[in-house]
Amino acid sequence: RDALKVARFYKEEIPKLIADETLLYERNIYYFLTGLYDYKSGDVSNGRLKMEQSIKIYEWLGCDNLAKNYKKDMEKYT
């Protein structure tokens, strides 16, 4: 019911927790989730692009299992 409202709160608060550039994994998760938020908020093309870029980062780094899991999540929630 109020999922987007709750998500908006976290979207605003999480950047404070991941400001350190060395938190790459956490930052990539956040990027994926901002894409999902955009998608669910109606900005479908931008949201999908962010999620795909996040998955691509995992692929570039050789994190094939993470890429596969995030692809599944993307398919499940979009």
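What follows is a short chat about helix packing and pockets in a predicted model.

Biologist: Hi! What should I know about this model before we start?

Modeller: The model is predicted, so local features need pLDDT of at least 70, side-chain atom pairs count only at pLDDT 80 or more, and totals for chains, interfaces and linings use all residues. Residues are numbered from 1 along each chain as its sequence is written, and side-chain values use heavy atoms, with hydrogens and water left out.

Biologist: Thanks! At what angle do α2 and α4 pack?

Modeller: Helix α2 (residues 24-40) and helix α4 (residues 64-77) pack at about 15°, with axes 11 Å apart. Helices here are DSSP runs (H or I, at least four residues), numbered from the N terminus. Axes are lines fitted to C-alpha atoms over the stretch in contact, and angles run from 0 to 180 degrees between N-to-C directions. The two helices, α2 and α4, are therefore roughly parallel (angles under 35 degrees count as roughly parallel, over 145 as roughly antiparallel).

Biologist: Which residues meet there?

Modeller: From α2, they include Tyr 25, Ile 29 and Phe 32, and from α4, Leu 66, Tyr 70 and Asp 73 are among them. Contact means heavy atoms within 4.5 Å. By class, the contact of α2 with α4 has nine nonpolar, no polar and two charged residues. Ala, Val, Leu, Ile, Met, Phe, Trp, Tyr, Cys and Pro count as nonpolar, Asp, Glu, Lys and Arg as charged, and the others, Gly among them, as polar.

Biologist: And how do α3 and α4 cross?

Modeller: Their axes, those of α3 and α4, come within 8 Å and cross at roughly 165°. That makes α3 roughly antiparallel to α4. The contact of α3 with α4 divides into seven nonpolar, no polar and four charged residues.

Biologist: New topic: what volume does the largest pocket have?

Modeller: About 240 Å³. A pocket, on a 1 Å grid over the protein atoms alone, is an open set of points where a 1.4 Å probe fits, with protein on both sides within 12 Å along at least five of seven lines; lining residues have an atom within 4 Å of a point. A volume is the space filled by probe spheres set on the points, which are joined across faces, edges and corners.

Biologist: Which helices supply the lining of the largest pocket?

Modeller: α1 (3-17) and α2 each supply at least two of its residues. Ala 3, Tyr 10, Tyr 30 and Lys 40 are among the lining residues.

Biologist: What about the second largest pocket?

Modeller: The second largest pocket holds about 160 Å³ of space. The largest share of its lining, five residues, comes from α2.

Key: Parallel < 35°, antiparallel > 145°, perpendicular 65-115°, else oblique.
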